[in-house]
Every structure is written in C-alpha cells, then in structure tokens.
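I set out to record what I looked up in this structure, entry by entry.

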Amino acid sequence: DPYESRPHVVLGELYRSQGKYAKSESAFFKALELEAESNEDIYAELGALYIVQYKVPKAREAFTKGLTNPRNLHCMADSHTGLGIVAQREKKYNLAEEHFRKAMKYNPGDPLFYRNLMNNRVFRNIRSIRNIESPVRFQLYYHLPEEINTSLKRLLRVQPDNYEARCILG
C-alpha cells in the first residue's frame, strides 16, 4: 500500500544497501510524511543512512529522534548504538562507550553491542598509543588484546553458547 510508511522504509533500506543514498533518503522522508506518530524506527534507519555517508551531524539528529519512545526497545538499542558510532567518529570515546552500554541494557544478549564496546576501547587505546614513545607503544600494543579477551569473557557470561567468542578465546 503506497499510503503506508512500511513499504517506503523497506525501499529506503534496499536503496541504502545498494548505495543509492539519495533515493534511500527520499524513501525515508516519504515514510516520515506518512507516519506522523511512532516514527522513531524511521529516524533510526535514517540515522544509519547518514552514518554510512559520514554525515555525522545529521546522523546524531536522526538517532536522537529515534530515542523518543522508551517502550520501543529495539529502536532504543539501535539509536543508542548509532549515537555511539557518531561519538566514535567525533573521537568522543567515553560518550561512545556510554551509548553502547545503554544499548546493551535494551538487548543484553546481542553480541554486536559487545563488539562495539571492544572496538571503542581499541580505537581509544590506539589514539592514545600514537602519542607515546616507541618502546612503550610496543608494550601497549602487546597488552591491548587483554581488553578484548575481557570483553569476550563478559559476552560468554551472557551468551555461554556463543560460538564465535568461544573460537576466539580458544
């Protein structure tokens, strides 16, 4: 039905996956026109489009609008994840971690959130490592995987059967 928002959202997702960003944005805007209320999912999808295009301010605005309905747990998790990625792009690693942790509260079993936390810690550490003298820098690179191991062990506490985490930890 062309007067429903959902087909336009699906079309926007399809265009985004094909790299047709202008068409994707138009489809999401059409969905927003048709869905005046309960449109937080559409804003989260629009934020994801802007992230792919590195349009950080627009992504932040869209993901923030995606946080309007606390009862929509999936959208709250997606929007906080998006805001975490936005914060990473702005090199605000503490804020990114805060958003990733909030996202985890809405869906604690999703391994994506643990991966986001690990990546954020790696980005933060690599940024600080670049400013350190060479011999010390080597030692810090050597110890960096310990944070990843700790995060994977935390993931296994929540998802004891997670195959990927088990394979990585050995």
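This is a predicted model: local features need pLDDT of at least 70, side-chain atom pairs count only at pLDDT 80 or more; totals for chains, interfaces and linings use all residues.

Entry 1. Glu-40 is buried but has no salt bridge. I asked which side chain of opposite charge is nearest to Glu-40. I found Arg-71, at 7.6 Å.

I then looked for polar partners of Glu-40. Its side chain makes a polar contact with the side chain of Asn-69 at 3.2 Å, and another with the side chain of Asn-72 at 3.1 Å. Glu-40 itself is placed in helix α3, which covers residues 40-52. With neighbours within four places in sequence set aside, I listed Lys-65, Gly-66, Thr-68, Asn-69, Asn-72 and Cys-75 as the residues in contact with Glu-40.

**Entry 2. Helix α5.** Cys-75, a contact of Glu-40, is among the buried residues of α5, and I turned to that helix next. I checked its length: 17 residues, 73-89, at 1.5 Å a residue should span 24 Å, and the end C-alpha atoms are 24 Å apart, so the two values agree.

I asked how many residues of α5 are buried. The count is 12 of 17, and the helix is therefore mostly covered, buried meaning under 20% relative accessible area. The buried residues include Met-76, His-80, Leu-83, Val-86 and Gln-88. Just after α5, I noted that Lys-91 takes a positive phi of about 60 degrees.

**Entry 3. Salt bridges.** Is Arg-16 buried or exposed? Arg-16 counts as buried because its relative accessibility is 19%.

I next examined Lys-30 and Glu-33, which form a salt bridge with the closest N and O atoms 3.8 Å apart. Both lie in helix α2 (residues 21-34), 3 residues apart, about one turn of the helix. An α-helix has 3.6 residues a turn, so residues three or four places apart point the same way. Lys-30 is partly exposed at 33% relative accessible area, whereas Glu-33, at 59%, counts as exposed.

A further bridge joins Lys-92 to Glu-90, with the closest N and O atoms 3.7 Å apart. I recorded both as partly exposed, Lys-92 at 42% and Glu-90 at 27%. These two residues and Arg-60 are linked in a network of salt bridges.

**Entry 4. Nonpolar cores.** I asked which residues have the most contacts inside the largest nonpolar core. That core has 16 residues, and the ones with the most contacts are Phe-28, Ile-42, Leu-46, Ala-59, Phe-63 and Val-86. Two or more residues each come from α2, α3, α4 (56-65) and α5. The largest share, 6 residues, comes from α3.

I took Leu-46 as an example. Apart from neighbours within four places in sequence, Leu-46 is in contact with Glu-25, Phe-28, Phe-29, Leu-32 and Ala-62. Finally, I noted a second, separate core of 10 residues, including Ala-96, Tyr-114, Leu-117 and Leu-155.

Conventions
Residues are numbered from 1 along each chain as its sequence is written. Side-chain values use heavy atoms; hydrogens and water are left out. Helices (H or I, at least four residues) and strands (E, at least two) are DSSP runs, numbered from the N terminus. Buried means under 20% relative accessible area, exposed over 50%, partly exposed in between (1.4 Å probe, protein chains only). Lys and Arg count as positive and Asp and Glu as negative; His and the chain ends are not counted. A salt bridge is a side-chain nitrogen of Lys or Arg within 4 Å of a carboxyl oxygen of Asp or Glu. A polar contact is a pair of N or O atoms within 3.5 Å; within protein, one must be able to donate a hydrogen and the other to accept it, and residues adjacent in sequence count only if both atoms are side-chain atoms. Contact means heavy atoms within 4.5 Å. The expected span of a helix is 1.5 Å times one less than its number of residues. A nonpolar core is a set of buried Ala, Val, Leu, Ile, Met, Phe, Trp, Tyr and Cys residues joined through side-chain atoms within 4.5 Å.
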